[in-house]
Amino acid sequence: MAQLTIPVGARKLFVGQESTYGTAASTAFARHIEGSLNATLSQTEIEHNAGSARLFQQFVTRQGLKSGASTVAFGIHAKPAASKLDSSASPSTPYLGTLLDAILGDEHAQAGSTVSGAGSTTTTVDVQTGHGSRFAIGTAVHVEVSSVYYPRVVTGIATDTLTVWPALPSAPANGDDVINSYSYFLTESNTKSLTIEDTFTVPSADAATVQRRLLGCTGGINFSVGRDALATFGFDLRAADWAYGSLSQATTVGAETMGDPIPVTNGQIWLQPAATTTATAYPVASMQGTLNPGMTHLATLGGVQGTVGVARQGGRDSAEFTVRARIDYDRYTQWSAQTLLRFFAAFPYGSGVNQRAVCLHVNQVQLVGNPAEVEEGGFVYYDLRFRPVLDTSYTLDTAAASPYVWSLI
């Protein structure tokens, strides 16, 4: 066979959630970040260590399991679904949601509503009769006020009245939009796994012979937000099995099925006691997060390359978020006093009622470690490290009971 000349920049990614562990799922095109897609297809070489009368006799090795060190890592820009979840929407999980749902454990996605009547306030929003059940505590929404969408987190639901945090600039009017979100959160147990496929796409018939399919994938997530950059999710997954070669993956140009990536030009972070409802955004220079969902493969003699499924091992360290901000002595005081705060970050783009956003809500966080002083641009900053502190008063396996919730609005 002739050698192939394959530019690394021409490449496609496909993702899908498996209905049967280790069996290829129906996959959909997912637009990855250029240069971030790296797959390692590993299989153990078991030494045939038989004795021999010849000093240098090497026996042919035996091939073992593919599940030992097979991995795939890639980045996806943070972005909303193509269409917003207004009062008449029919939710359809976007590919970024497929990834988040499989690793974190569950999704909440329903149609939104509109404001009912004139009884709403800056912290309570009355939706249409029967629509309160469409929303979930702990998830983010967009509330329209004077033809502008404002990202807020739902902190309470009483029939058809939503309590939102922080306070809106003024009360929404009758008929204003309340846009719901695709929201993803940790569950105590999780058996979901992913099929990840990728192919080079050189304009040559031979490109279709250099394709990979990784099965039974699970792993971890990171998140990065930098000023004047695109917000990104990073996925670092381990696979149970894989195939290589001509796998019938399309090498044509893929069609984007989600919204635009989010430029970090107007991010807002609220970091204050839950009882403080005033919307005072906390200026930060950057934010990073490492999510540790504690997913692992279950080993067996047999199964899918020596594995029988995936499971949540879990752990206390479900996540850690780092924020860089100018020196603020109150943060030192909060660290010293071990004060619990509510953390809500919204990264919007667009204007008016065309605004879209990706949001992170952590109901309770603790500032851990004496704030570290660092230099940036000739000024002194704090690097602030926050960890979620679970509120166990909420119902298990709901967004409200999760250490953190990601929402795509």
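## A guided tour of the structure

Begin by selecting Glu197, which counts as buried because its relative accessibility is 6%; here buried means under 20% relative accessible area, exposed means over 50%, and partly exposed lies in between, computed with a 1.4 Å probe on protein chains only. What you have open is a predicted model, in which local features need pLDDT of at least 70 and side-chain atom pairs count only at pLDDT 80 or more, while totals for chains, interfaces and linings use all residues. Residues are numbered from 1 along each chain as its sequence is written, and side-chain values use heavy atoms, with hydrogens and water left out.

**Around the starting residue**

Glu197 belongs to strand β15, residues 194–200; helices (H or I, at least four residues) and strands (E, at least two) are DSSP runs, numbered from the N terminus. Show its side chain together with those of Thr27 and Arg213: a polar contact of 2.8 Å links Glu197 to Thr27, and another of 2.6 Å links Glu197 to Arg213. A polar contact is a pair of N or O atoms within 3.5 Å, where within protein one must be able to donate a hydrogen and the other to accept it, and residues adjacent in sequence count only if both atoms are side-chain atoms.

Next select helix α1, residues 95–104, in which 10 of the 10 residues are buried; among them are Tyr95, Asp101 and Leu104. Just after α1 comes Gly105, with a positive phi of about 130°.

From Gly105, move across to Leu186, its bridge partner in β14. Strand β7 (residues 105–108) and β14 run antiparallel and are joined by 4 bridges; two strands pair if DSSP finds at least two bridges between them. How many of the residues of strand β14 (residues 182–186) are buried? The count is 5 of the 5, so this strand is largely enclosed by the rest of the structure. In a regular strand the side chains alternate between the two faces of the sheet. In β14, Tyr182, Tyr184 and Leu186 point one way, whereas Ser183 and Phe185 point the other way. Strand β27 (residues 405–408) is also joined to β14 by 4 antiparallel bridges, and here you will find Trp406 opposite Tyr184.

**The nonpolar cores**

Trp406 leads on to the largest nonpolar core, which has 63 residues and in which Phe74, Ile196, Phe235, Met287, Phe343, Tyr404 and Trp406 have the most contacts. Such a core is a set of buried Ala, Val, Leu, Ile, Met, Phe, Trp, Tyr and Cys residues joined through side-chain atoms within 4.5 Å. Helix α1 supplies the largest share of this core, 7 residues. A second, separate core has 12 residues, including Val115, Val127, Phe135 and Val143.

**Aromatic rings**

Now display the rings of Phe, Tyr and Trp (its six-membered ring), which pair if their centres lie within 6.5 Å; planes under 30 degrees apart count as stacked, over 60 as edge-to-face and the rest as tilted. By this rule there are 12 aromatic pairs. Phe223 and Phe233 have ring centres 4.9 Å apart and planes at 50°, so this pair is tilted. Since Phe223 lies in strand β16 (residues 211–226) and Phe233 in strand β17 (residues 232–238), the pair ties together parts that are 10 residues apart in sequence. Trp270 and Phe344 have centres 5.5 Å apart and planes at 20°, so that pair is stacked, and both residues are buried. Trp270 lies in strand β19 (residues 268–272) and Phe344 in strand β24 (residues 340–349), so their pair ties together parts that are 74 residues apart in sequence. To see a cluster linked by ring pairs, select Phe74, Phe223, Phe233, Phe235, Phe347 and Trp406.

**An open sheet, and the cysteines**

Turn next to an open sheet of 6 strands, in the order β8-β13-β10-β11-β12-β9 and with antiparallel pairing. Its edge strands, each pairing on one side only, are β8 (113–114) and β9 (124–126). Strand β9 pairs with β12 (residues 161–165) in the antiparallel sense over 3 bridges, and Asp126 stands opposite Thr161 in β12.

Finally, select Cys217 and Cys359, which are buried, each with a relative accessibility of 1%. A search of the whole structure finds 0 disulfides, a disulfide being a pair of cysteine sulfur atoms within 2.5 Å.
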